[in-house]
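Trainee: I have a structure to study. Can we go through it step by step?

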Amino acid sequence: MELTKAVLDCMQTLRRQLREEQAVDIRLSQPDAILSMLSACAESQHDATRELGERLSSLTGVRLMPPALSEEELVRKYTQYAGPLRG
């Protein structure tokens with residue numbers, strides 16, 4: 001992945017905001033900096049921080065994995081009939 005000026009600017013802004021909001025210190029030189037920022041944004045209570053996370057995600061093409069479903073949610077998902085109804 002190429003780190004363009006837009007990506008770096010977004011990362012720097014997000015880094016400052018996360019440091020103030022959550023006391024999270026993420027260095028831009030870390031190999032997992034983008035994933036760390038995205039996961040911190042997902043946990044944020046502020047809309048502006050989550051929006052910056054979405055912007056970083058769209059600029060980099062990096063997406064977080066959706067949370068794993070619990071056993072109860074899996075059972076509900078796969079036991080629900082979704083075929084055609086016949087009368």
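This is a predicted model: local features need pLDDT of at least 70, side-chain atom pairs count only at pLDDT 80 or more; totals for chains, interfaces and linings use all residues.

Trainee: What is the N to O distance between the side chains of Arg19 and Asp25?

Mentor: Arg19 is partly exposed, at 37% relative accessible area. Asp25 is partly exposed too, at 45%. A salt bridge needs the nitrogen and oxygen within 4 Å. The Arg19 and Asp25 side chains meet that limit, N to O, at 3.9 Å.

Trainee: How many salt bridges does a search of the whole structure find?

Mentor: Another one joins the side chains of Arg50 and Asp47, at 2.2 Å. Both residues lie in helix α3, three residues apart. For the whole structure, the search gives five.

Trainee: Is Lys5 buried or exposed?

Mentor: Lys5 forms a salt bridge with Asp9, at 2.9 Å from N to O. The two are four residues apart in helix α1, so about one helical turn separates them. Exposed means over 50% relative accessible area. Lys5 has 62%, so Lys5 is exposed.

Trainee: How are α1 and α3 oriented to each other, roughly parallel or roughly antiparallel?

Mentor: Their axes lie 10 Å apart, at an angle of about 150°. Angles over 145 degrees count as roughly antiparallel. So α1 and α3 are roughly antiparallel.

Trainee: How many nonpolar residues does the contact of α1 with α3 have?

Mentor: Residues of α1, including Val7 and Leu14, meet residues of α3, among them Leu52 and Leu56. Five residues of this contact are polar and two are charged. The nonpolar residues number 10.

Technical notes
Residues are numbered from 1 along each chain as its sequence is written. Side-chain values use heavy atoms; hydrogens and water are left out. Axes are lines fitted to C-alpha atoms, for helices over the stretch in contact, and angles run from 0 to 180 degrees between N-to-C directions. Angles under 35 degrees count as roughly parallel, over 145 as roughly antiparallel, 65 to 115 as roughly perpendicular and the rest as oblique. Contact means heavy atoms within 4.5 Å. Ala, Val, Leu, Ile, Met, Phe, Trp, Tyr, Cys and Pro count as nonpolar, Asp, Glu, Lys and Arg as charged, and the others, Gly among them, as polar. Buried means under 20% relative accessible area, exposed over 50%, partly exposed in between (1.4 Å probe, protein chains only).
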